[in-house]
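Please read them alongside the sequence and the coordinates.

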Amino acid sequence: MSSTPHAHQVRFWRDPAKRALIFQLILLALVAWCIWVIVDNTLSNLATRGITTGFGFLNDTSGFAIAQSLIPYSETDTYGRTFVVGLLNTLLVSFFGIIFATILGFILGVARLSPNWLIAKFASAYVEVFRNLPLLLQMFFWYFAVLRTLPGPRDSLNINDTFFLNVRGLYLPEPIPGAGFHFIWLALIVAIAASVWLVRFNHRRQEATGQRFPAYWLSLLLIIALPALTFFALGRPLEWHYPELRGFNFRGGMTVIPEFLALWLSLSIYTAAFIAEIVRSGIQAVSHGQTEAAHALGIKDSLTLRLVVIPQAMRVIIPPLTSQYLNLTKNSSLATAIGYPDLVSVFAGTTLNQTGQAIEVIAITMLVYLSISLSVSWFMNWFNARMALVER
């Protein structure tokens with residue numbers, strides 16, 4: 001009778017699952033203890049130095065100006081609003097950078113495989129040069145060597161007295177919507193929805209009958225034509241405010257600051273070199289027999305590339321393309337080196353220095369970048385699943 005408990009105890013410790021559970025609980029307790037010690041030590045040090053914690057500082061007046069803001073902002077606004085301004089500026093440059101880098105990268109990736117010797121060598125030279133130069137150095141080149149050497153406002157480079165480029169930025173006409181302009185947005189939404197239905201209908205029709213029509217061109221025509229017809233039917237409810245030189249600077253219109261131009265160009269051109277290599281490898285991953293089969297059916301080269309090669313290559317391209325999108329978004333934090341008012345510069349820089357709330361500010365900034373990255377990853381994973389081969 002006395003040996004039974006001992007036998008049960010031996011079996012318990014020799015059970016790998018139970019032993020692993022105990023070790024995991026011990027490890028979890030050690031991690032929790034370490035976190036508690038760090039937090040307690042941090043709070044004690046902050047209290048000793050008289051530094052308060054919490055997020056109440058977000059309601060305090062910021063007291064500093066920001067060069068670019070997509071929403072109304074003044075020095076009397078709060079630190080919470082500076083956070084929103086910096087976040088929107090980060091999203092703006094990341095969005096346009098991803099679009100331009102994708103377009104340029106796809107063009108260069110296809111060009112690298114061009115039978116034209118000059119085009120292929122030019123694309124290869126682009127990739128090798130811009131991929132191997134540090135991004136920060138390229139940013140400095142565009143900002144200091146190109147944009148900062150432009151003439152002053154009085155000697156601006158201009159196109160038809162409408163677009164002006166000088167050392168202070170790019171000045172463009174600003175559209176001012178009039179009464180009823182929301183109907184044009186409604187027409188655009190309807191056109192996009194109709195275009196999606198048209199493309200899907202064409203796809204189902206092609207699978208059922210083998211016949212197809214230029215659905216993509218018709219969709220593009222519909223997206224352009226329907227809002228345009230609505231625009232003219234409503235009497236063109238849109239005015240333009242043009243920039244005018246008054247004194248030492250331009251007034252009116254829209255201004256694109258040189259910091260944004262330098263950051264956008266450097267991020268796009270740098271990332272496009274990596275995307276070009278991804279596109280090239282994706283195309284080469286498609287069996288050459290697919291191209292030969294398409295040619296045997298009499299399909300010309302441009303249609304073979306668009307309808308046969310690219311759709312199959314996308315399944316290889318999308319996963320590494322996601323990493324480049326994430327890299328571009330995170331690399332935008334280098335904007336502080338040239339003074340672009342992004343999230344790091346405005347919030348994790350100026351706001352942190354003025355408030356001293358290092359823990360809260362850095363935690364918010366890290367959480368924002370993590371959220372952006374997870375959102376981009378989720379979208380690209382969804383898109384990758386849509387492009388994946390479906391077994392029948």
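1. Which residues do ring pairs link into a cluster? Phe140, Tyr143 and Phe144 are the residues joined in this way. Please keep in mind throughout that the model is a predicted one.

2. In total, the structure holds 15 aromatic pairs. Among them is the pair of Tyr126 and Phe130, which counts as tilted because the ring centres are 4.6 Å apart and the planes stand at 45°. Both residues belong to helix H4 (residues 117-131), where they are 4 residues apart, or about one turn of the helix. Tyr126 counts as buried, with a relative accessibility of 11%, whereas Phe130, at 23%, counts as partly exposed.

3. Another tilted pair is formed by Tyr171 and Phe250, with ring centres 5.0 Å apart and planes at 35°. Tyr171 is in strand E3 (residues 169-172) and Phe250 is in strand E7 (residues 249-251), so this pair ties together parts that are 79 residues apart in sequence. The relative accessible area of Tyr171 is 3%, and this residue is therefore buried; Phe250 likewise counts as buried, at 7% relative accessibility.

Key:
Residues are numbered from 1 along each chain as its sequence is written. This is a predicted model: local features need pLDDT of at least 70, side-chain atom pairs count only at pLDDT 80 or more; totals for chains, interfaces and linings use all residues. Side-chain values use heavy atoms; hydrogens and water are left out. Rings of Phe, Tyr and Trp (its six-membered ring) pair if their centres lie within 6.5 Å; planes under 30 degrees apart count as stacked, over 60 as edge-to-face and the rest as tilted. Helices (H or I, at least four residues) and strands (E, at least two) are DSSP runs, numbered from the N terminus. Buried means under 20% relative accessible area, exposed over 50%, partly exposed in between (1.4 Å probe, protein chains only).
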